[in-house]
Each structure stands twice: as structure tokens, then as C-alpha cells.
Amino acid sequence: MNTRVLSNGTEIPVLGLGVWQVDDGVETEQSVTWALETGYRLIDTAQAYGNEVSVGKAIRESGIPREEIFLTTKFYPGGKDARVEAEKSLERLGTEYLDLYLIHWPQGGPTWAWPGMEAAVEAGLTKGIGISNFSATELQELGKIAQIQPAVNQIQFSPFEYRKALVEACEEANVVAQAYSPLGTGRHLGDPVVARIAEATGKTPAQVLIRWAIQKGLSVIPKSTHQNRIVENFDVFDFELDDAAVADLDGLDKTHGTADALSQSGKWWS
Ligand code: A2P
């Protein structure tokens with residue numbers, strides 16, 4: 001599996017399964033099981049998703065050694081202490097450690113939760129820590145107070161939400177950007193430009209969008225609850241988008257290359 005090296009020295013796969021909006025229980029267990037069978041080694045959950053128990057169960061029952069899987073969960077900023085909440089996540093996941101623990105969104109400001117995140121590293125609860133939905137400005141503010149710098153910023157990212165300046169700010173800060181909703185939660189799959197490139201490359205619209213994000217240097221976490229789609233979304237390492245296709249996809253951007261991290265639904269946490 002292709003990986004990116006994080007600032008803490010661990011390697012994050014460039015492709016993983018996201019389980020946002022996947023129901024706890026059978027749906028999550030099946031999706032994670034299919035993904036692991038397919039070859040995915042990165043699973044991305046969150047306290048807010050309410051499905052950590054099922055993610056953990058599927059990982060344990062896969063029989064794949066824990067150390068071969070990169071497991072991410074996220075601190076729900078409504079909680080008080082990120083370290084204490086990490087312990088609770090580990091209990092739900094039924095595992096000894098996280099590979100990555102992210103602040104889910106910068107509610108209450110970009111810095112207040114960070115000492116608790118650092119304490120989670122020091123207590124051995126997680127190997128790496130990072131952030132999600134942080135703008136370039138919030139990333140810089142955090143950088144000033146951090147003893148341990150964030151390893152990842154997970155952001156909404158697709159050709160239509162091409163936050164070029166934010167990705168560049170992450171690169172400058174040695175933070176790996178990670179793309180959630182790379183398919184625009186499914187909305188971008190019917191776009192005519194994406195469809196044309198898919199046809200020309202002999203791949204599907206989902207594969208084109210995932211490949212574009214990988215070629216931009218991001219780690220990407222498409223979500224699906226269907227086995228055939230989970231398999232399809234993983235089959236993106238046998239082709240490359242050429243410069244013309246990348247330029248056409250870049251041209252779909254509706255964010256004007258912003259350094260902001262707002263989701264399409266706005267700053268839903270404030
Ligand atoms: P489902 O979970 O029913 O398979 P994103 O990763 O951008 O959030 O997009 C996830 C959405 O896209 C989900 O609604 C998912 O539906 C759908 N989806 C994921 N992969 C594919 C695919 N390969 N083809 C069509 N739809 C997909």
C-alpha cells in the first residue's frame with residue numbers, strides 16, 4: 001500500500017475507508033470487514049459517528065494484526081478533556097492504541113484542546129495527533145503553542161472543493177492533508193467533466209475523483225457501505241491522470257483555492 005510519512009515517523013496509507021454516517025452495528029461491521037478483505041489498511045472513524053464499537057469489532061474479527069492497520073478516531077470537541085475521551089474511545093474500539101487522534105473541528109478555538117491531545121500521546125494512547133476542519137490561520141495559531149506539532153489536517157476536499165491554499169499551508173507546516181468527502185458525498189459522481197475523464201481513462205467517476213486527490217498528495221478516505229463500491233474505490237493504483245485531465249478537474253473548483261476549511265454546510269460547529 002502506498003503511504004505518506006507523517007511528522008511523527010509513522011506511515012499513513014494514501015487510501016482508507018471513512019465511516020461517517022454509517023450506522024453502528026451490521027452496516028459498519030460489514031463495511032469495515034469488506035474494506036479489510038479488499039486490502040484497505042486505514043479505517044477512519046470518530047467519537048461523533050457513534051460507530052467505534054463496530055469498527056473495533058470488525059478489526060478484531062478480521063484476524064489482521066493490529067499493527068498492520070492504521071486506525072484513526074476523532075475527539076468530539078464537546079467533551080472536556082481530549083486525553084480522557086481517548087481512553088473512552090479505546091475502550092469502545094477494544095484496542096490498545098490509536099494510530100491517529102484528531103480534533104474533529106475547531107470548536108472553541110484552535111488551541112484549547114491541544115494539551116489534552118498531547119497528553120494522549122504521552123500516555124501512549126495514540127501514536128499521532130492532528131486536526132480536522134482547521135483553516136490555514138487556525139493551523140498557524142496551533143503551531144505556535146504546540147509542543148507536538150499536528151501530523152494531519154483532515155479537510156473536505158474534491159475538485160469542486162479544491163482548497164489549494166489550505167493544502168499548501170499544510171505542506172509548509174509538514175502536515176499531511178487528508179481528504180474527506182472526496183466524492184462530494186456522492187454529488188460529484190454525475191458531473192459531465194468527471195464522466196468524460198472517466199470514460200477516456202476507462203475508469204469510473206469515483207476512481208477518477210479518488211485518483212485526483214491522491215495525485216494532489218493527499219491521503220483519501222471515501223465512504224461506502226456497498227462491497228462492490230468499496231472494491232471499486234480501492235482500484236486506483238493502476239492508472240494515472242495526465243496533466244490535461246488534472247487541469248480540467250482543477251478547473252471545477254468552487255472555493256477559489258481558499259485557505260479556509262469551511263464545509264459546504266458552513267461552519268456548523270460555531
Ligand atoms: P454508499 O455508502 O451507499 O455506497 P464521500 O466519500 O465523498 O463522502 O461519498 C460517499 C457517498 O458516495 C455515499 O453516499 C456512497 O454511497 C457513495 N459512493 C461511494 N463510492 C461510490 C462509488 N464507487 N460509486 C457510486 N457511489 C459511491
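**Fold and ligand shell of the predicted model**

Among contacts in the protein between residues at least 6 apart in sequence, 75% join residues at least 24 apart, where two residues are in contact if their C-beta atoms, placed from the backbone, lie within 7 Å. The structure is a predicted model, in which local features need pLDDT of at least 70, side-chain atom pairs count only at pLDDT 80 or more, and totals for chains, interfaces and linings use all residues. Residues are numbered from 1 along each chain as its sequence is written.

The C-alpha atoms of the protein fill a box of roughly 50 × 40 × 30 Å along the principal axes. Buried residues account for 48% of the 270 residues. A residue is buried if 20 or more other C-beta atoms lie within 10 Å of its own, exposed if 12 or fewer, and partly exposed in between, with C-beta atoms placed from the backbone.

The protein contains 10 helices and 10 strands, these being DSSP runs numbered from the N terminus (helices H or I, at least four residues; strands E, at least two). An open sheet of 8 strands has the order 3-4-5-6-7-8-9-10, with parallel pairing. Strand 3 (17–18) and strand 10 (219–220) stand at the edges with a single partner strand each, so one side of each has no neighbour in the sheet. Two strands are taken to pair if DSSP finds at least two bridges between them.

Within this sheet, strand 5 (residues 70–75) is largely enclosed by the rest of the structure, because 6 of its 6 residues are buried. Strand 4 (residues 42–44) runs parallel to strand 5 and is joined to it by 3 bridges, with I43 opposite L71 in strand 5. Strand 5 also pairs with strand 6 (residues 98–103), in the parallel sense over 4 bridges, and F75 has I103 of strand 6 as its bridge partner. The chain passes from strand 5 through helix 3 (residues 82–93) to strand 6 in a right-handed β-α-β crossover. Strand 4, helix 2 (residues 52–62) and strand 5 likewise form a right-handed β-α-β unit. A crossover is right-handed if, with the strands pointing away from the viewer, the path from the first strand over the helix to the second runs clockwise.

Helix 2 contains K57, which is partly exposed, with 18 other C-beta atoms within 10 Å. The C-alpha atoms of K57 and R92 are separated by 9.2 Å, although these residues lie 35 apart along the chain.

Strand 9 (176–180) is also largely enclosed by the rest of the structure, since 5 of its 5 residues are buried. V176, Q178 and Y180 point one way from strand 9, and A177 and A179 point the other way. In a regular strand the side chains alternate between the two faces of the sheet. Strand 8 (residues 152–156) pairs with strand 9 in the parallel sense over 5 bridges, and the bridge partner of V152 in strand 9 is V176. Together with helix 6 (residues 164–172), strands 8 and 9 make a right-handed β-α-β unit. Strand 9 pairs with strand 10 over 2 bridges, again in the parallel sense; here A179 is partnered by V220 of strand 10.

Helix 8 (residues 205–215) has 9 of its 11 residues buried, so the helix is largely enclosed by the rest of the structure. These buried residues include A206, W212 and I214. They pack against strand 9, helix 7 (192–201), strand 10, helix 9 and helix 10 (243–250). Just after helix 8, G217 takes a positive phi of about 95°.

Around the ligand there are 17 residues, of which L183, G186, A206, S224 and R229 come nearest. A residue is near a molecule if its C-beta atom, placed from the backbone, lies within 6 Å of it. Helix 9 (residues 227–234) gives the most to this shell, with 3 residues. By class, the shell has 5 nonpolar, 9 polar and 3 charged residues, where Ala, Val, Leu, Ile, Met, Phe, Trp, Tyr, Cys and Pro count as nonpolar, Asp, Glu, Lys and Arg as charged, and the others, Gly among them, as polar.
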